Amino acid sequence: MNDEARTNIGTPAPASESPAPEELRAQIERTRDELGKTVEALAAKTDIKARAKQKAAAVKEQAAEKATLVSDQIRTKTERAAHLVKEKTADPDPLFDRAGRAATAARANRTPLLVAAAGAALVVVLLVRRSRGRRR
């Protein structure tokens, strides 16, 4: 700003130099818009409740993203561990097949199995009686 502009502040310009009314209206409208935006920005800065809500929403979003990331990592590691355990252990299906066949054979041959069990029980009773007789 030059010295002449400073001394002429607030004094109307001569008619030949004054802007057209339309131009003045446009300047006023731009100034109002800028002033409105400035007031809105200042009001937003002083609205602590709204700023706290925005911050809480941002933190909540970050926490959700982090939880998703950690969940994916856990799922991946669990799948890897399960795969390793499966590789290291024997397949249980043959064991189940053998046990099933043994149970079926035992059911089909109950009589010989019961006779063998009774014979074993008789041998045990006789051995117990014999050992008691020697102690006396």
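Tutor: Along the sequence, its pattern reads α-α-α-α-α.

Student: What is the mean pLDDT of the protein chain, and which helix has the lowest value?

Tutor: The mean pLDDT of the protein chain is 83, with 85% of residues at 70 or more. Where pLDDT is low, the predicted coordinates should not be read in detail.

Student: What makes Asp72 and Arg75 a salt bridge?

Tutor: The rule asks for a side-chain nitrogen of Lys or Arg within 4 Å of a carboxyl oxygen of Asp or Glu. The closest N and O atoms of Asp72 and Arg75 are 3.0 Å apart, and therefore the pair meets the cut-off of 4 Å. By this rule the count is one salt bridge.

Student: Where do Asp72 and Arg75 lie?

Tutor: Both belong to helix α3 (residues 48–88), three residues apart, about one turn of the helix.

Student: Why is Asp72 called partly exposed?

Tutor: Buried means under 20% relative accessible area and exposed means over 50%. Asp72 has 37% relative accessibility, so it counts as partly exposed. Arg75, at 45%, is likewise partly exposed.

Student: How much of the protein chain is buried?

Tutor: Buried residues make up 0% of its 136 residues. The accessible surface of the protein chain comes to about 12,900 Å², 60% of which belongs to carbon and sulfur atoms.

Terms used:
Residues numbered from 1 in each chain as written. Predicted model: local features only at pLDDT ≥ 70, side-chain atom pairs only at ≥ 80, totals over all residues. Heavy atoms only, no water. Helix = DSSP H or I, 4+ residues; strand = E, 2+ residues; numbered from the N terminus. Buried < 20%, exposed > 50% of the residue type's maximum accessible area, 1.4 Å probe, protein only. Areas by Shrake-Rupley, 256 points an atom, 1.4 Å probe, with all protein chains shown as cover. pLDDT = per-residue confidence, 0-100.
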